[in-house]
Amino acid sequence: MAQQNSGRGRNGHVRAESQHPARVPDEAFASDEALAFDEALAFDEAFASDEAASEPEAASEPEATSQPEAASEPEATSEPEAALDPERLALREAALAMVRRYGDPALKTRALAIERFDDALRAEIERMGRIMDDAMGIGLAATQLGTVHRVLVYRVEPQAGVAALVNPVVEWTGEETLPADEGCLSLPGVLVEVQRPLHVRVRAQDGDGEELTVEATGLEARVIQHEIDHLDGVLILDRTSRQQRKEAIRALRERDGEGGDRVTAGVAA
Ligand code: ZN
């Protein structure tokens, strides 16, 4: 994905060391599944009309990434992996082992608002940032670790600090939308095309409960929307075409069969 972004309103560093697990009770899932399914259908319909060229902005965008062929091309993204030293790879494997995979009910769960901004929350944020980094992701939502908290972390520029958003709410999205390939740490090896608004404004809190507003563009806007989706139990498979979802699910099943654990490097969140 070659998009610029303009980081603003980032908040960074967190403190404290203890862990803060809050696991999902099984009863919570049934209704969320129905919700995600409905949304999936709604998005398919949106995509069907896109293909009929009812969206002039998207149609006129000569994006290389909008080609399905490019999406399934693993070469570009598998290169950095080869360069990893064994220690780094081991760290990454350990981090990925903590991330819930497609099929896990936690990924279909709508997370709960945070009300207590305490050391445990700040430790949770720090832990999420560490796991995201080790897994070489650019974003991570608490639900991906099986914790039903409305907390997400992201970092789209390597030199930036980890940004954390607690109780994020999309306050505004620009009219312009763009398709781009997205990966997900919970969907190893899968890249699907997702259409999202190019600009968003998000209201949230930091780990101390301070209100903040993030205005994001491009990749940063995309990652934030991807992670907020996770907090609502929505995956990229729910936001792509029926065709791409079918192919992705087939690939995931084949991968499961192999017991493979490789994750496409690059843009996974
Ligand atoms: Zn994801």
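Me: What makes a residue of this chain count as buried, and what percentage of the 269 residues is buried?
Reply: A residue is buried if 20 or more other C-beta atoms lie within 10 Å of its own, exposed if 12 or fewer, and partly exposed in between, with C-beta atoms placed from the backbone. Buried residues make up 40% of the 269 residues. This is a predicted model, in which local features need pLDDT of at least 70 and side-chain atom pairs count only at pLDDT 80 or more, while totals for chains, interfaces and linings use all residues. Residues are numbered from 1 along each chain as its sequence is written.

Me: Why is Leu-152 called buried?
Reply: Leu-152 has 32 C-beta neighbours inside 10 Å, and the definition asks for 20 or more, so Leu-152 is buried. Leu-152 belongs to strand S2 (residues 151-154); strands (E, at least two residues) and helices (H or I, at least four) are DSSP runs, numbered from the N terminus.

Me: Which residues is Leu-152 in contact with, leaving aside its neighbours within four places in sequence?
Reply: Contact requires C-beta atoms, placed from the backbone, within 7 Å. On that criterion the partners of Leu-152 include Gly-139, Leu-140, Leu-165, Glu-227, Ile-228 and Leu-231.

Me: What makes a set of residues a nonpolar core, and which members of the largest one touch the most other members?
Reply: A nonpolar core is a set of buried Ala, Val, Leu, Ile, Met, Phe, Trp, Tyr and Cys residues joined through C-beta atoms within 7 Å. The largest such set has 54 residues, and Leu-140, Leu-152, Val-153, Tyr-154 and Ile-224 touch the most other members. Helix H7 (residues 218-231) gives the most to this core, with 6 residues. Val-153 touches, among others beyond four places in sequence, Ile-125, Met-128, Met-132, Leu-140 and Val-162.

Me: How do you know that H7 has close to its expected span, and how many of its residues are buried?
Reply: The expected span is 1.5 Å times one less than the number of residues. H7 has 14 residues and reaches 20 Å from its first C-alpha to its last, close to the 20 Å expected. H7 is mostly covered, with 13 of its 14 residues buried. Just after H7, Gly-233 takes a positive phi of about 75 degrees.

Me: What does the span criterion give for helix H6 (residues 119-134), and what covers its buried residues?
Reply: H6, with 16 residues, reaches 22 Å from its first C-alpha to its last, close to the 22 Å expected. Its buried residues include Leu-121, Ile-125, Met-128 and Met-132. The cover over the buried residues of H6 includes helix H5 (86-98), strand S1 (139-141), S2 and S3.

Me: Why are strands S3 (residues 163-173) and S6 (residues 199-205) said to pair?
Reply: Pairing requires that DSSP find at least two bridges between the strands. S3 and S6 run antiparallel and are joined by 5 bridges, so they pair. Thr-173 stands opposite Val-200 in S6. S6 is also joined by 7 bridges to strand S7 (residues 211-217), again antiparallel, and Gln-205 has Glu-211 in S7 as its bridge partner.

Me: What is the mean pLDDT of the chain, and where does pLDDT stay under 50?
Reply: pLDDT is the predictor's confidence in each residue, from 0 to 100. The chain mean is 76, and 65% of residues reach 70 or more. Values stay under 50 over residues 25-79 and over residues 259-266.

Key: Contact = placed C-beta atoms within 7 Å.
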